[in-house]
Amino acid sequence: MNSTFWLTNVRLETDYHFENDTITKTNSACSHLFIKDGKIGEIVSADSLLDDDYPKKDMKQLLALPSFIEKHCHLDKTLLSDKWRAVTPVNNIFERCEIEKEVLPTLHTTTQQRAEKLLSRYVQFGVTHVRTHVDLYPEVGLKNLEEVQKALQNFEGKLSYEIVAFPQHGLLRTKATNLIREALRFGVGFVGGVDPATVDGDIEASLQQMVELAVEGNAGIDLHLHDPDQLGTFTMKRLAQLTKEAGLQGKVAISHAFGLGDVSHSEAEEMADILRDAGITIVTSVPLRRKFPPVGLLHSKGVPVAIGCDNIFDVWSPFGNGDLLERAGRLAKSSGWEDERSLAQTLQFITGGKTSLNQAGEQTWPKVGDSANMVFVEASCSAEAIARRSLRKATIFNGNFVFSSI
């Protein structure tokens, strides 16, 4: 469609009504949105007469939501588009890594083909930004990175992205430092790491190396931390210290961070203060069989929190479909967020903090001047979309339709 056009009959949430602090109703109204130069140029009532010559796309009263952000995926690992296989049981992460090294080179499809299959699915599910981790280890070198970058280039104009140079088998354990450096020179924006204690065997040396690489390459950090209890929180505390010393506040994330779900409430509160002070983001995949970080507590203390799908049909898991809205619903259900406001606010964990309505029930999105990145769903309100995993009907990125079944 022309980059300047009207979206007509768009359902927007307008306000909440309160009685004794209880939400009794959510109002929704239809509007026309004028899209120009990738942004929302005007918002008018659906009762307004549009008498200009710009193209008009009838959105049939579908609910508009901010498009979704996938903060944790592995485009190089997925088996989508290849033949079905279940997961081989293992005793530890090292055995899993060895199986993966053996399986991936034998597949009939290429890494690029499989990555593009997952990217296509993301776009259809309303995702317009992904952060992907790409494995780097001696046997594969930069091959995975090259294939993933080709896939992402083929999706230019459909979504934006970040890449993490990820030493899945250990930064120190596989002596991956030079590979990380090389990846940073090829446009990668984040240094990855995994379990400095149990994989690398040296918390201090592993974290120091990650921070040094990030500073040297003007990059961020995304550490995968599965280590439990105090071992996990000790690692987080040290990373927070190093983050502040290196001036990396706002550029560091910890994925999984299971230790935050293992410790007591008071310890989690203490950790939240430390993480907020260091500007560290927590990314969770909302696992079903493992305690995960207390998202509500972290958010209330000012810690940025995001959701990512992580494994999507790969050697690590036969499950996963790339649907972030489903993950958000899982978070709400496991957290006991069942009222209108709590469900609506869950949306922020898959949109980079955006919601249609703030805690006071006031409309905060969309506004004139916002980027035209949005997803259209069959729902009356965002709370319903979260609770019912509503069907996605269209995705717009930078003012262009990148998916539509309307």
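Biologist: What is the N to O distance at which the side chains of Asp 277 and Lys 244 meet in a salt bridge?
Modeller: This is a predicted model, in which local features need pLDDT of at least 70 and side-chain atom pairs count only at pLDDT 80 or more, while totals for chains, interfaces and linings use all residues. Residues are numbered from 1 along each chain as its sequence is written, and side-chain values use heavy atoms, with hydrogens and water left out. Taking a salt bridge as a side-chain nitrogen of Lys or Arg within 4 Å of a carboxyl oxygen of Asp or Glu, the side chains of Asp 277 and Lys 244 form one with an N to O distance of 2.4 Å.

Biologist: How many residues apart in sequence are the parts that this pair ties together?
Modeller: Helices (H or I, at least four residues) and strands (E, at least two) are DSSP runs, numbered from the N terminus. Asp 277 belongs to helix H8 (residues 265–278) and Lys 244 to helix H6 (residues 229–246), so the parts tied together by the pair are apart in sequence by 33 residues.

Biologist: Within helix H8, which residue lies three residues from Asp 273 and meets Asp 273 in a salt bridge?
Modeller: The two lie about one turn of the helix apart, and their side chains meet at 3.1 Å, N to O. For accessibility, buried means under 20% relative accessible area, exposed over 50% and partly exposed in between (1.4 Å probe, protein chains only). Asp 273, at 28%, counts as partly exposed, and so, at 39%, does its partner, which is Arg 276.

Biologist: Are Asp 323 and Arg 392 buried or exposed?
Modeller: Asp 323 and Arg 392 form a salt bridge whose closest N and O atoms are 2.9 Å apart. Asp 323 lies in the loop between strand S13 (305–307) and helix H10 (324–335), and Arg 392 in strand S15 (residues 392–397), so the pair ties together parts 69 residues apart in sequence. As for accessibility, Asp 323 and Arg 392 are both buried.

Biologist: What is the relative accessibility of Ser 67?
Modeller: Ser 67 sits in the loop between strand S5 (63–66) and strand S6 (68–73). Leaving aside neighbours within four places in sequence, Ser 67 is in contact (heavy atoms within 4.5 Å) with residues including Gly 126, Ile 350 and Asn 373. Ser 67 counts as buried, because its relative accessibility is 8%.

Biologist: What distance separates the C-alpha atoms of Cys 30 and Ser 45?
Modeller: Cys 30 is found in strand S2 (residues 22–36) and is partly exposed, with a relative accessible area of 21%. Not counting residues up to four places away in sequence, Cys 30 touches Ser 45, Ala 46 and Gln 61, among others. Although Cys 30 and Ser 45 are 15 residues apart along the chain, their C-alpha atoms are separated by 6.6 Å.
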